[in-house]
Amino acid sequence: MSAADDISTILSSGIRLTVPLAFAACGEYLAERAGTMNISLEAMMLGAAFGSVATASATGSATTGLVAGVLIGLLIGFVHGNLAHRLEVNTFVVGLVLNALVLGLTSFLITISSFDSHQVSQVSVPWLRDIPLIGHPLFVERWPVYLLILVIPLTWWLVERSRWGLELRAVGEQPQAADVTGIHVNLRRRQALLWCGALAGLGGAYLAVGEVGSFNQNMTAGRGYIVIAAVIFGAWRLGRTLLGCVLFGLADAMRLALPALGLTLNSQLLVVAPYLLALLAMLVFATRNREPKALGQPFVRGST
Amino acid sequence: MTASSAAVPSGTGRRLLRHLNPGPYGWQTTAATVLALLVALALSSALIAITGGSPAASVQALFQGSMADWTAWTSTLLYMAPLLLVAVGACVSARSGLFNIGQEGQVLIGALAAAWVGLRLAITGPVLLVVMLAAAALAAGAWAGLSSLMYRLRGVNVVVSTMLMTFVAQQVVAYAVNMPWLLQESRVGNAPVSPQSNPLPPSGLLGSFGEYPDLQINGGLILAVVAAVLVAVAITRTPWGFRLTMLGRNPLAAKHAGVRVNALGGAALAISGALAGLAGAVLLASPVGVNRLQPGIAMNIGWDGLLVALVARNRPLAAMPVALLFGVLRSGGGFLAATGVPSFLVDVVKALLVLAFVAPPVVVALVRRRRSSDRTAGSRREATPVAEEAIA
Amino acid sequence: MTDDERARELTPPSAPALRLRGISKRYGPVVASDNVDLDVHHGEIHGLLGENGAGKSTLMKILLGLVQRDSGTIMRGETPVDVHNPQAAVALGIGMVHQHFSLIDALTVWENVILGDTGKIDRAAACRQVEEVSRRYGLPIDPTARVDRLSAGERQRVELIKCLRRDPSVLILDEPTSVLTQAESAELFTVLRHVVRAENRAVILISHKLAEITAATDRVTVLRKGKVVFHSETSATTPPELARQMVGRDVSLRAEGAALGMLPVDGAPAPADPGTGTGTDAAAPGTAPALRLRDLTVTIDGVAVLSDLSLDVAPGEIVGLYGVEGNGQSTLGDLLSGLVLPTSGTVELAGRPVELDRPGALHRAGLGIIPEDRHSSGVVLDMSVAENLVMKSIGDVSGRGFISRRRMHAIARRLAAEFNIVTPSMDTPVRSLSGGNQQRVVLARELSAGPGVLIAAQPTHGLDVGAIEDMYQRLRDAASGGVAVLLISTELEEVMALASRIAVISSGRITGVLSTGEATAERLGMLVGGVAA
């Protein structure tokens, strides 16, 4: 194999590994701007991955599976939102418990069931796919990949340009002030979690019925946490967050490709890169802090 | 030093923790908790029944594996020890207002340090065990201390950094057991080597106290119970614990009252890490595992121990029975598979149990507040968001 | 209608802009609003006067839909309406300028102004509207500026613009002048005059300051313990009458005027101050100052919050540090609480410099402090009264490494008796005490250490008149016992009544020091505005 082929292969697998992260990152980004540090992202992705495979197997349609994945993500977002932003259970606790619950539940269910393999269809864009090096990786993909073209600008527009997003940002920065202005703080946060759940669900479902075609125990293997790391790495800016996803996806692709390439780069280092980079980003950008001020803080009317 | 760098922590996690430590709770909370527990158990049974298993047989199997005889009890108590150590540590950091969720990684680092001391230092006799435990506590304490340092110097959120450090710890251990010059097992002839360390020498193993017929009380359990009692006394009865509580409840007032906020917070985090590290050493050295360092050695004990502390509402003495319960679930889980119910069921049950313990006090407090503030308008205010949400 | 005509007519012919009938609201056993009737007319500024806790805020929250009433009717014109959320209030033309907490720092002016609207965002239109409103009312502001870069006065303008842009027919202002200089307050009242005279809107001005109410309103309603106890044309009543209604007993403006927001009456004697006499000079020669602040500079994010601040306080003297909120007082308070370190400069207590970077050094050196925001650094709300009382001396109630609960309770009981702290038990969390009692817990703890210096930062903020008087008395007692007292206050009346010398702070520097004899509202006003007098 030529070097160009190698690069193209790594790019190709890097993009496939980036896509689920990117979907989930759009969701997590929006939830964090509204003030929720949503660590149940892992549960959303994992639950959706399982749900999509089960549904695809039951209905025979991978696309239906994809939709089911989104719905499962929404459901987990709904549960998290209501526990954390209606009943006021600590959001990190909710996240830990949901992660444990979904991991246990999916592991339990996959052990006693077997599913047929289904995958969504591939789209190959004529002409563009023939561009050397990047043509094949970018333009021969399963169709949900191209949803990103829609989801990314939409997320940006929602946060930066829509009234809903303006209110989300207000809620993430100074919930007390937003409340006085007449914004229903906890409702906005719940809504943000729904958006997050839907997109994380899409990401998880894409992983299962898009890339792999089946479900295995703990399939997401911490991708939810990588996405959280990406949002931190991106300093709560969408562009940089997505850049983080690409970097982390490529690092993962490199790790998988290493044995085949006969290179001896340390694979643990590549696995750990996202977390180290996120930590580093926090250490470096700390003084120019762009973190939403109320991130992770519950809102209770009347308390300051 | 400028004024801004001396400014007091802004306390994201602290405010959260105030919600974690609900105040006195009356019969409503107890009733709600009992109800929630019943619901959790009903849900678990339903899950077994729906998937074709028998709830009764599952309970029987759980009992068989954890409490039916002395052997089962021995295994339960072996799990309880590291769980309790982690939970007691979690209580200390939570009391100080710093929410450490990186116990899983700290357990790994503790096990790594203990393994390195046990296998690479030429110490013989009972001293080895002591040095191993000390090394585990120090290494994991320092590991958690890094998060405190990042917080102190650059304001990095402790919840986030301890969480991320867990994944770093996993790779550190994976690296160690893949590198022959570090801890990977020695090659014997042409046999393939696995990513694991050599077994510990006998002098590095935690023995049992007392030889009751078949019931073994492992040294790890003694260690954990002593730690729980000591920490409980320190928190509630000493000036140190008073300052710790003050720091957790109101860091500004604590600083104002002359508490060395950074040092005390850092110490609390380091102690919580050290106790998790001890749990790692216990996992390595007690007969709960294979006495080798393996990447999977932590077995989610770190995450579970955190859940134990949550259920015990950050009280070390209450953590003892809870850790026992979680130990029962773990050792019983192994017996489930025989009944055709995957052992993953216990993970589901655990999560539901935690939810059943954590949610009711918060809900009761919320209902009380609503009642006292919006007695008549309560129903109306409840109705609006639901309608709005339907649109959203 | 001219001003004169209006003044002559007791009841304007038009239906009131807003009519409240029998509004009641309870919080558990506490009655926050008790059968309140209130008519607010177009074209008038209606003063709502009452002590802290009299029910002013609850009433306004009901009007704004932030709180639901238990019973009663709200009418706009002749139609009963239901205000069940803030959006409904906006739709009814009720707008409010909040005292605090209503602008989002990280957003721009125009974003803040349209926050709470509905519909699509049109940036250009929003900016245009901001500019238009700002021109119409003479409130210059850059619509694209981020709010966290604005001064207090500019923020107040944004609040006003935000409110006026929605064209409210009823405009509510909650203690609007607490963060403003006199010049800025004057600007605000000019705008309000314009709003009622030229545009025939109704304005409700909430205040606890008598002077402000008498100067700026057309009618006044006094609330006490949730009830309307008095209602009149402002011109037909007098400050003593209003004060009597507000407190519920005869008060002497001479003695208690400060607590009510009135300047000491002309010719009032300077407060009893046998120790040091009154002069611009510092302490009497020969005695070292108990507290000496020297060239204190605090720079936060490149901004000098305090610059070269120097001030001496002699034993037995009360020095007032007066200025408008947000001019560095809270940073000084934080510095003297050990929460912030100075970039340069020193603090000396009894002639010895204090090592400020050592935790608790100020306390050990004999400085007691009543912090500005008692909830944030004065007390730990979730700990008990006893624990809060011994918080700074926990070592003294411990023996052999353990806390002696017996000794702790003994000390707590003694202090509670001495300082009249009303609490069900020593184990009650401080959270459930009243504001006055919480403040007494702080005072008791600080004075029990026998300090040589007492810093009182906004010590009467949020207290009722009785508690304020009690606090004044204790500060005077402390001073006559030889303690050097530094009173940091934004209430002119308070410093005039208590202090023998007044230092004025503006933008983090001392712009002048006057003795009470020399201090007049005008001179202080100039200094507050940053003009050396």
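A:Glu88 lies in the loop that joins helix 3 (62–85) to helix 4 (91–112) of chain A; helices (H or I, at least four residues) and strands (E, at least two) are DSSP runs, numbered from the N terminus. The model is predicted, so that local features need pLDDT of at least 70 and side-chain atom pairs count only at pLDDT 80 or more, while totals for chains, interfaces and linings use all residues. Residues are numbered from 1 along each chain as its sequence is written, and chains are lettered from A and ligands numbered from 1 in the order in which they are written.

The phi angle of A:Glu88 is near 65°, a positive value in a residue other than glycine. Most residues other than glycine have a negative phi. A:Glu88 counts as partly exposed because it has 19 C-beta neighbours inside 10 Å. A residue is termed buried if 20 or more other C-beta atoms lie within 10 Å of its own, exposed if 12 or fewer, and partly exposed in between, with C-beta atoms placed from the backbone.

Chain A as a whole contains 12 helices and 2 strands. From the N terminus, its elements follow the order α-α-α-α-β-α-β-α-α-α-α-α-α-α. The C-alpha trace of chain A spans about 65 × 45 × 35 Å along its principal axes. For 304 residues, a compact globule would have a radius of gyration near 19 Å, and the 19 Å of chain A agrees with this; the radius is taken over C-alpha atoms, and the globule rule is 2.2 Å times the number of residues to the power 0.38. Of the 304 residues in chain A, 56% are buried. Among contacts in chain A between residues at least 6 apart in sequence, 78% join residues at least 24 apart, two residues being in contact if their C-beta atoms, placed from the backbone, lie within 7 Å.

An unreviewed UniProt entry lists several stretches of chain A as "transmembrane region", including residues 91–112 and 192–209. UniProt positions are given in the numbering used here, feature names are shortened, and annotations may be inferred rather than shown by experiment. Over residues 91–112 of chain A the chain is 100% helix and 0% strand, with the end C-alpha atoms 32 Å apart. Residues 192–209 of chain A are likewise 100% helix and 0% strand, and here the end C-alpha atoms are 25 Å apart.

The contact between chains A and B takes 41 residues from chain A and 44 residues from chain B. On the side of chain B that touches chain A, helix 15 of chain B provides the largest share, 13 residues. The residues on this side of chain B divide into 32 nonpolar, 6 polar and 6 charged. Ala, Val, Leu, Ile, Met, Phe, Trp, Tyr, Cys and Pro count as nonpolar, Asp, Glu, Lys and Arg as charged, and the others, Gly among them, as polar.

In chain C, strand 6 (residues 94–97) is covered on both faces: C:Ile94 and C:Met96 on one side and C:Gly95 and C:Val97 on the other are all buried. Strand 6 of chain C pairs with strand 7 (residues 170–174) of chain C in the parallel sense over 4 bridges, where pairing requires that DSSP finds at least two bridges between two strands. C:Val97 has C:Leu173 of strand 7 of chain C as its bridge partner.
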